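User: I have a protein model open and would like to go through it with you. Could we take it piece by piece, starting with the charged pairs?

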Amino acid sequence: MDSRAGSAKYRVERQVLDEQRLEELTRRKTFSEIHKPLTDRLKDTFRCTLPKLKRSVMSSCPVLYWLPKYSVWDYGMPDLVSGISVGIMHLPQGLAYALLASVPPVFGLYTSLYPALIYFFFGTSRHNSIGTFTVLSIMVGSVTERLAPDEFFLKTNGTNLTLEMDVAARDAYRVQVAAATTFLGGLIQVLLGVIKFGFVGTYLSEPLVRAYTSAAAAHAVVAQLKYLFKVSPKRFTGPLSQVYTLVDLCLSLPKTHLPTLLVSSVTIVLLTGAKELNSFLSTKLPVPIPVELITIVAATLLSSTIDLNNNYSVSVVGEIPSGLSAPSVPNLSLFGDVIGDAFALAIVGYAVSISLGKTFALKHGYKVDSNQELVALGLSNAVGSFFQCFSVCSSMSRSLVQETTGGKTQMAGVASALIVLVTILKLGMLFQELPKAVLASIVLVNLKGMFKQYSDVVTLWRRSKIDLAVWLVTWVSTMLLNLDLGLAASIAFALFTVTFRTQMPTYSVLGNVPGTELYVDIETHREAREVPGVTIFRSSATVYFANAELYLEALKEKSGLDIGKMIIYKRRQEAKQRRRERRAKRRAKRQAKGEVGNVQGNGTVFVIPTAPQTPDGCSRWEYLKGGHPDSTSLGWMSELQDGDTTTLGSSSEDTLSRDLEQVSLGSLGKWTWDIHSIILDLSTANFIDTVAIQTLKNIFRDFSEIDVDIYFSGCQASVVEQLERGDFFSETLRKQHLFVSVHDAVLYCLNHPVTLHSSVTTSDR
């Protein structure tokens, strides 16, 4: 071994290993030993033991695991400080995001209370802050406004016979719609968690989620503009509804209420400046300044002092009832109308929560159970819907505050819920004079982080064009098709890109790096050298039904062999040879009777052996055209047509038949090639299906017909197992054709006798 850094050398000697020899050495278990029978697995599943019951209870209700170990001395004060900080953020966000959901603001406070308490018992993330979230709120708002538009609640004023809005009836029905959607979405999440479907969130890639949230932020802006300008655009539904709404809103701008616009502008400017100052001082402050809470307190005091509602017609929050409302069963009759939206809410909410949870878990060294998170989030939504809550998930801003202020466990969520509870019971009425324009401004400023995600376009352009396509398609489809159909179209396109990339992989021929056992693409590496007589073929993706045919075509192209034409030619020549053999037998009988004719040359091609036949049946062949062979030994060939070929070994019929049977395609003189073995590198295959197995069988069969041997290398154990179950191995195709590595296969090809396909003999190799 060379001790110099970067130039270590090792000499390793071992025998060449194929899969059969590897099984003998490692004593690989059989399929039945690895996989228990179905009856045994069912027995293990339903067998109840005390340890198993304890694990099941602990995993279903994680609070029973960590709460008995909770240290008040170590975790109490950090959790309390963190919970108060997050609770202060809950108040303005709950009130503001209720406007996004198109329900009265007090229901935003309910949504910040009940789900957080449910998550405390069933959640596994220590830093996720469960409650209102921008994207989910706007998704709920799209449902409530679609099923309960303003025009459905117009009534005639009995005094002056004019139409006016029944706001109380509209808001009550919208709350029912939001609760029904939330309950159904929570039920879907619970069912997915119970059947261990937590991996569904992995189908939402980061570019897809970021593009979707960016488009949802644009939806939120459009939804809040009517509060900022105090205009009443028409409500549109279906595809392109956002475009129509935005156009109608622009047409309504001449009717802008100037006092409301002034309140909105001042709030946005002051809030933006305060947030920038907060970010600048974040390293010096132990707790972030609650700028949103300060804003709503100041706005409420100012509104009450000046009486903005009565003097300047600025819309305010209005009555906020004190106390908690009694639980009620969601309206089951609405399920049929909201099931699609509920599924979209369930998937998006889970994707956001699990991504945040895994980020914090990785940073702080604990584990988040994806299936249990589905159950916890589903129960938070389902139980919360009985208290008129709308859909919740973890909030990025609140979760970051909970983590940066020192939160250690889910107890921080309980502390934040207590802050919200005190507000609902005692302080809610103080916010009745809060202008809605201030809440809309808070929403708008909090969307700044999502608008920064538009820089992803530049980043993805440099890194991955396919991910950029996913981002753009997601954004466009979400903007044009609305949030539910946009999500479905985005997922479908993302899955299509995966299928497309596996269907159109990179195919390469590998060469050896001199002096090593490394094999790399000869087209991209200058020092790679192709192994003489051996073609090593690799696909960058697994072989399955979608790309099996392309795999075969690429193999033919890279090897340079037109298999189809070669096999057709060989079979035609074999048919001709069988006809010649029959004519030769008839001619021999006539010769025996003295009926021998004159042999005349007519330009026929004759193939005769020029060297004695070797024991394995190989010999050199000589091609003659237009000659006059000896009439005694070749007289029977006068009946052959011009261009026909045959073989001769001796004058006896047995020898003649044996030579005819051993004629290879190369001996027919049509093609010559220098490949005697092809190695298929299957190290990239993690599974294989029946179509791929049949394709590999066809490759082995077709190339064997032209005397090219096929070997496989780098097969994973699961692939070997699938080949066995697919009846891949036979007398001709055995496990000796599967090698542990490419190098093992190359050594075998170079040292093992192979079937010859041209005028080259074994001794010449």
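User: Is Lys226 buried or exposed, or something in between?

Analyst: In this predicted model, Lys226 has a relative accessibility of 25%, so it counts as partly exposed. Its side chain meets that of Glu145 in a salt bridge, with 3.5 Å from N to O.

User: Where do Lys226 and Glu145 sit in the chain?

Analyst: Lys226 belongs to helix α10 (residues 206–229) and Glu145 to helix α8 (residues 134–147), and the pair links distant parts of the chain, 81 residues apart.

User: And why does Glu145 count as buried?

Analyst: Glu145 counts as buried because its relative accessibility is 13%, and the cut-off for buried is under 20%.

User: How many salt bridges are there in the structure?

Analyst: The structure holds 17 salt bridges. Another one of them joins Arg170 to Asp150, where the closest N and O atoms are 3.1 Å apart. Arg170 lies in helix α9 (residues 167–194), while Asp150 is in the loop between α8 and β2 (154–156), so this pair ties together parts that are 20 residues apart in sequence. Arg170 is buried, at a relative accessible area of 16%, whereas Asp150 is partly exposed at 30%.

User: Which residue does Lys275 form a salt bridge with?

Analyst: Lys275 forms a salt bridge with Glu292, and the closest N and O atoms of the two are 2.7 Å apart. Since Lys275 lies in helix α12 (residues 258–280) and Glu292 in helix α13 (residues 291–306), the pair ties together parts that are 17 residues apart in sequence. Both Lys275 and Glu292 are buried. There is also a network in which salt bridges with shared partners join Asp150, Arg170, Asp171 and Arg174.

User: OK, new topic, the inside. How many residues are in the largest nonpolar core?

Analyst: The largest nonpolar core has 104 residues, and those with the most contacts inside it are Val103, Val135, Met139, Ile296, Val348, Leu434 and Leu439. Helix α15 (residues 335–364) gives this core its largest share, which is 15 residues. Apart from that core lies another one of 35 residues, including Trp673, Ile675, Ile693 and Val720.

User: Back to Ile296, what is it in contact with?

Analyst: If we leave aside neighbours within four places in sequence, Ile296 is in contact with Pro92, Leu95, Phe431, Leu434, Leu439 and Ile442. Two of these partners, Leu434 and Leu439, are also listed among the residues with the most contacts inside the largest core.

User: What about Ser394, where is that?

Analyst: Ser394 is found in strand β4 (residues 393–394), and it is buried, with a relative accessible area of 0%. Not counting residues up to four places away in sequence, Ser394 touches Asn128, Ser129, Ile130, Phe133, Val352, Ser353, Leu356 and Ser399.

User: And the surface, which residues form the nonpolar patch there?

Analyst: The patch is formed by Leu240, Val243, Tyr244, Val247, Leu251, Val476 and Leu480, which together have about 580 Å² of accessible area. At least two of its residues come from each of α11 (241–252) and α22 (465–503), and α11 supplies the largest share, with four residues. Leu251 lies in helix α11, and it is exposed, with a relative accessible area of 62%.

User: Now the strands. In what order do the six strands of the open sheet run?

Analyst: The order is β6-β5-β7-β10-β11-β12, and the pairing is mixed. The edge strands are β6 (519–521) and β12 (738–739), each of which pairs on one side only. Strand β5 (residues 507–512) and β6 run antiparallel and are joined by three bridges, and Leu510 stands opposite Asp521 in β6.

User: Last one, what does the whole chain come to in helices and strands?

Analyst: The secondary structure of the protein chain comes to 29 helices and 12 strands. Of its 765 residues, 48% are buried, and the chain exposes about 38,500 Å², with carbon and sulfur atoms supplying 60% of that area. Among contacts between residues at least 6 apart in sequence, 78% join residues at least 24 apart.

Methods:
Residues numbered from 1 in each chain as written. Predicted model: local features only at pLDDT ≥ 70, side-chain atom pairs only at ≥ 80, totals over all residues. Heavy atoms only, no water. Patch = residues over 30% accessible without salt bridge, like charges linked within 9 Å, V, L, I, M, F, W, Y side chains within 5 Å. Areas by Shrake-Rupley, 256 points an atom, 1.4 Å probe, with all protein chains shown as cover. Salt bridge = Lys/Arg side-chain N within 4 Å of Asp/Glu carboxyl O. Buried < 20%, exposed > 50% of the residue type's maximum accessible area, 1.4 Å probe, protein only. Contact = heavy atoms within 4.5 Å. Core = buried A, V, L, I, M, F, W, Y, C linked by side-chain atoms within 4.5 Å. Pairing = 2+ DSSP bridges.
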